[in-house]
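Trainee: Could we go through this model together? I would like to know what stands behind each word we use for it.

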Amino acid sequence: MAEQVETLRRTPLSRDRVLRAAVALADEAGIESLSMRNLAKDLGVVPMALYKHVANKDELLDSMIDVVVAEIDPPMPDADWKQAVRGRILSARQALLRHPWAPLAIDTRNMATPAILAYLDSMVGAFRSGGFSVDLTHHVMHAMGSRILGFSQELFDDSRRAGRSGATEPAPSAALPPEVALRFPHLAEIATAASHDDESVVGQGCDDQFEFEFALDLLLDGIERLQRQGWTSAHPPR
């Protein structure tokens, strides 16, 4: 292992190597650990050497996002719009699960990166090729929100949980304290009705993947119905 690390450190520095090392650092230690100094240390170079390949940390973060987006599967050939959209969104979700810092990084950027724009453009193209009007596609993209990129802002999400800051805190108990349950009986009822994922961001007991696909399929089914009805924002059905 020591010989492999030394060989890597002797490999000439390149933009691709810098970006891959930055992604690996964020994957391992969280986005807060990412600094030009820490990255240079991992690469075995002085910090100034990095600036030959990235102008600053903002460019580094943008480019890291593009590395992650490049992992999303390309559009499926000969698939209908619903299958194509669903497949790419679930592929995007898998890419973000491999890089749990990425949703926060995407969410905090002031402008979409070139790879994000290309991905969104292709998704719009999938709807348009499926016979959607420009009007309906516009509203569909709003309705999908961040889910089209493979993540969602969950109602019961706690930003302190793993995958946002890199730190892990114990999940709250699925069963609400008795005094809280008495005051909010409906919340108490659903808190104990969830399935089986103790690491879920939507609360202990919820299955993240199931909840994501459940909401995605609800949206896609509703979107399909609107498209078949010839829905327009000028004359929406009541």
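Mentor: Gladly! Let's start with helix H5, whose buried residues are Leu-60, Leu-61, Ser-63, Met-64, Ile-65, Val-67, Val-68 and Val-69. Buried here means under 20% relative accessible area, exposed means over 50%, and partly exposed is in between, with a 1.4 Å probe and protein chains only. Please keep in mind that this is a predicted model, in which local features need pLDDT of at least 70, side-chain atom pairs count only at pLDDT 80 or more, and totals for chains, interfaces and linings use all residues. Residues are numbered from 1 along each chain as its sequence is written, and side-chain values use heavy atoms, with hydrogens and water left out.

Trainee: What covers the buried residues of H5?

Mentor: The cover includes helix H2 (15–29), helix H3 (36–43), helix H6 (81–98), helix H7 (102–108) and H8. A helix in this naming is a DSSP run of H or I with at least four residues, a strand is a run of E with at least two, and both are numbered from the N terminus.

Trainee: How many helices and strands does the protein have?

Mentor: It has 12 helices and 0 strands. As for burial, 34% of the 238 residues of the protein count as buried.

Trainee: How do you know that the length of H5 agrees with what a helix should span?

Mentor: The expected span is 1.5 Å times one less than the number of residues. For the 13 residues of H5 (residues 57–69) that gives 18 Å, and the end C-alpha atoms are 18 Å apart, so the two agree. H2, with 15 residues, reaches 21 Å from its first C-alpha to its last, close to the 21 Å expected.

Trainee: Why is Leu-19 called buried?

Mentor: Its relative accessible area is 8%, so Leu-19 falls under the 20% cut-off and counts as buried. Leu-19 is found in helix H2, where the buried residues also include Arg-17, Val-18 and Ala-21.

Trainee: Which residues is Leu-19 in contact with, leaving aside its neighbours within four places in sequence?

Mentor: Those are Val-54, Leu-60, Ser-63, Met-64 and Val-67, where contact means heavy atoms within 4.5 Å. Leu-19 is also 9.7 Å from Asp-66, C-alpha to C-alpha, although 47 residues separate them in sequence.

Trainee: What makes Asp-16 partly exposed?

Mentor: Asp-16, also found in helix H2, has a relative accessible area of 47%, which lies between the two cut-offs, so it counts as partly exposed. Its C-alpha is 9.2 Å from that of Val-67, which is 51 residues away in sequence.

Trainee: And why does Asp-78 count as exposed?

Mentor: Asp-78 has 83% relative accessibility, and that is over 50%, so it counts as exposed. It lies in the loop between H5 and H6, and it has a positive phi of about 65° although it is not a glycine.

Trainee: Why are H2 and H5 called roughly perpendicular?

Mentor: Their axes come within 9 Å and cross at roughly 85°. Angles of 65 to 115 degrees count as roughly perpendicular, under 35 as roughly parallel, over 145 as roughly antiparallel and the rest as oblique. H2 and H5 are therefore roughly perpendicular to each other. Their contact divides into 8 nonpolar, 1 polar and 3 charged residues.

Trainee: What do those residue classes stand for?

Mentor: Ala, Val, Leu, Ile, Met, Phe, Trp, Tyr, Cys and Pro count as nonpolar, Asp, Glu, Lys and Arg as charged, and the others, Gly among them, as polar.

Trainee: How do you know that H2 and H3 are roughly perpendicular as well?

Mentor: H2 and H3 pack at an angle of about 110°, with their axes 10 Å apart. That angle is within 65 to 115 degrees, so H2 and H3 are roughly perpendicular to each other. In this contact Arg-17, Val-18, Ala-21, Ala-22 and Leu-25 of H2 meet Asn-38, Leu-39, Asp-42 and Leu-43 of H3.

How values were computed:
Axes fitted to C-alpha atoms, helices over the stretch in contact; angles between N-to-C directions.
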